[in-house]
Amino acid sequence: MRFFRVLTAFVIFGLLVPAGVLSARSREGSDPFVLPQAGLWFGPVSTVADSWGVVDPALAIGGYFRYNFPSTSLKMGIETSYEKHTSKGMNKIMFVPVYSNFLYKLPIRSIMSFQLKAGAGAGYIAIWPEDKSQWDPLFTLGGEFSFPAGTVANMGLRVDYIMLYEKFISGAKHNGHFVNVGVNLNFNISLFD
Amino acid sequence: MKRISIYSLFLLIPALFFCGCDNEALFDQLKGSKLKMVVKGTYESNSPKPWLSTVLDDDNMTVLPPSGIDSSAIPSGYDSLPTVCKLDIAEIKIGDERFANYREVYQRSMTDTDPFFDGTGLDYRCDDVRYKRSYSTLNMYMRKNAFDNAHSFLPSTGLYDSLVKSLFNEVYSAGYDFILHEVWSMYDYLREERSDLNRIYPLSISFDTPFYYTDDDDYTLEVRLVVKNYIKRYETITTNSDDATVSYHYFGFSDWARDVLPGDTYTGGNLMGVARWYSKKKATTVKGSVPAGSIVIAIPAENTIDEYILSSTDRERPADMFSPRSGSSGGSDIIPAMEYLVDQEKYKGDYSQYYTSLTTDFSVYSDTWTNYNTKINSLKIPPLAVYTADGNFVMENVQSGRSYKFFYTSASSYGMGELPSSFTGSGTEQLISTDYAGGTYTVTSF
């Protein structure tokens, strides 16, 4: 079962490779959204909803890389971040999500670009006092807006919701829910032309 | 070519998505707790001795002893025990770790059926603790201790004033909150480092054997405070909001262990407790037969019975030089104020006499106090104790895989505000092996 799921993932994304190669040349222009971007973000992150109160909010730092599809509205990115939560009691969480996501730029004509994001991946979660850690699947939704600050850099704000999916484990009653808000700084990379 | 390598990087990430076949539900574990904690207000771990109705007056009631009050002034409820025990606990720590950082406010009726006093205990919310660590102490942070049925009198007239009310659980209710009297004991007050000492925040309670937490079982911690049949009435002199001197008669914990003498403000060190732990898979029941009306105890085999007893010589307080602490300076009432000045003169005379009687080395005085404090501090409460009216006793939730020594004594040999001062038993070690887990072990000899 697991093999077929992995195979499907490879097939789907494998089809996009030639599409990307074919359309690369036509994507020139001053819209920073169509350029590859690498960036960092920093901001507070908190457990929410069902996971509220388990640990206290904390600060997180993350990084990402984004590349374009053959479309001026769609991008694909890979992201990771790091956060460590403590609490007034014994609970602690260290969480490192690693995921890829699609970004869709909203067709609003403005110097600022507004993007919606959705993605999936895996998260490494370590908890205390139980001293246990594992990789769990995760899903994410979010949004961000950014504006160019100069020719290379862009700055913006982002909001993400991450759900760490655990209910597939037999006997599990809870998933993990995180929301992070951050300040973005990314750079357009013109390496491939 | 470079673009192909970019996309292959993206391919890796969804592949990670398909993982987690051997995972545990970590958020379930974070939200819940396998460890349980139970708080009881009895010397006995189950089946406690019923409430006695004796009202004990401590000898520290000097300014206005009950016999000196005009009897028509005393309200009818004065000479009965309080009905509500109030404890406000900020948190409980295990060692230094904040595993129960939750406030609990208890207002329990002092009857034989209340779970706090009938051997069942009250659940205290706690988190898990770290595995494979050894913990030897619980630290209970007491915010308030109060009993109701506290009365105030006016020394200047000898007349009854009113019922005492103090703030408890953010509400003014009947009862006197005596927590500030429990901060120190007389010994602590004599010490230079008294600002670092605090006997009630936290109240330090030791486990009978260190608690070693593992993942393989459901553990319960049992914390017992000696409250039932262990209270006494005390007096404190203070001024009220009208600047009149008032004398409060309030109930507090008995000074059987650490004597409170006339004029003492501090009554600390008298709230005693014990903690023990047991696990679901290894708990067993212990039964046996003793004379009717006995208290049966079980102590860890590595201890001796002397650690659970204080003789009357041990409890005798050394001679101390205490200033006449007749409360405040008397307020606006002329008679208490003048009495205070007279007491001060007497104190000066007593102090000079005492000082000249000391040997050249002050350490004799301090050593006597240190030895007294060490001896009283060393008193342990037995981790397991039961009362039996008809002679057949049942001890519940005894951890198997350990050795114990069993003793018994007559429950009527000690009264209100006292603890047993002698036990019968040979002190033979009896191993309760894990074969008895879930079953019954019978004690045939003591």
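This is a predicted model: local features need pLDDT of at least 70, side-chain atom pairs count only at pLDDT 80 or more; totals for chains, interfaces and linings use all residues.
## A tour of strands, rings and loops

In E15(B), Ile231(B) has Phe253(B) as its bridge partner. Residues are numbered from 1 along each chain as its sequence is written, chains are lettered from A and ligands numbered from 1 in the order in which they are written, and side-chain values use heavy atoms, with hydrogens and water left out.

**Stop 1: a hairpin in chain B**

Select residues 231-239 of chain B, which are strand E14, and then 245-253, which are strand E15. Strands (E, at least two residues) and helices (H or I, at least four) are DSSP runs, numbered from the N terminus. Nine bridges hold E14(B) and E15(B) in an antiparallel pair; two strands pair if DSSP finds at least two bridges between them. Together E14(B) and E15(B) make a hairpin with five residues between them. Click on Asp243(B) in the turn, where phi is positive, about 65°.

Is strand E15(B) mostly covered or mostly uncovered? It is mostly covered, as nine of its nine residues are buried. Buried means under 20% relative accessible area, exposed over 50%, and partly exposed in between (1.4 Å probe, protein chains only).

E15(B) also pairs with strand E7 (residues 151-154) of chain B, antiparallel again, through three bridges. To see one bridge, select His151(B) and its partner in E15(B), His249(B).

**Stop 2: aromatic rings**

Show the side chains of Phe147(B), Tyr176(B), Phe178(B), Tyr234(B), Tyr248(B), Tyr250(B) and Phe253(B): ring pairs link them into a cluster.

How many aromatic pairs does the structure hold over all chains? There are 34. Rings of Phe, Tyr and Trp (its six-membered ring) pair if their centres lie within 6.5 Å; planes under 30 degrees apart count as stacked, over 60 as edge-to-face and the rest as tilted.

Select Tyr141(B) and Tyr201(B) next. Their ring centres are 4.8 Å apart and their planes stand at 80°, so this pair is edge-to-face. The two residues are 60 residues apart and link distant parts of the chain: Tyr141(B) is in strand E6 (residues 134-147), and Tyr201(B) is in the loop between helix H3 (186-190) and strand E12 (203-212) of chain B. Tyr141(B) is buried, at 13% relative accessible area, whereas Tyr201(B), at 39%, counts as partly exposed.

Phe153(B) and Tyr160(B) come next: with centres 5.4 Å apart and planes at 75°, they too are edge-to-face. Phe153(B) counts as buried at 0% relative accessibility, and Tyr160(B) is partly exposed at 23%.

Now look for a charge over a ring (NZ of Lys or CZ of Arg within 6 Å of the ring centre and within 35 degrees of the ring normal). Lys49(B) lies over the face of Tyr414(B), 3.8 Å from the ring centre.

**Stop 3: an open sheet in chain B**

Find the open sheet of three strands in the order E20-E17-E23 (chain B), where the pairing is mixed. Strands E20 (392-399) and E23 (440-443) stand at the edges with a single partner each, so one side of each is left without a neighbour in the sheet. Strand E17 (residues 283-289) and E23(B) pair in the parallel sense over four bridges. Select Val286(B) to find Tyr441(B) standing opposite in E23(B).

**Stop 4: the barrel of chain A**

Switch to chain A, which has one helix and eight strands. A closed barrel of eight strands runs E1-E2-E3-E4-E5-E6-E7-E8, with antiparallel pairing. E2(A) and strand E3 (residues 74-85) pair over nine bridges, and Phe65(A) stands opposite Ile78(A) in E3(A). Of the 193 residues in chain A, 51% count as buried.

**Last stop: a loop proline**

Where is Pro57(A)? Pro57(A) lies in the loop between strands E1 (37-47) and E2 (58-68) of chain A. It is exposed, with a relative accessible area of 51%. Leaving out residues up to four places away in sequence, Pro57(A) touches Val45(A), Ser46(A) and His85(A), where contact means heavy atoms within 4.5 Å.
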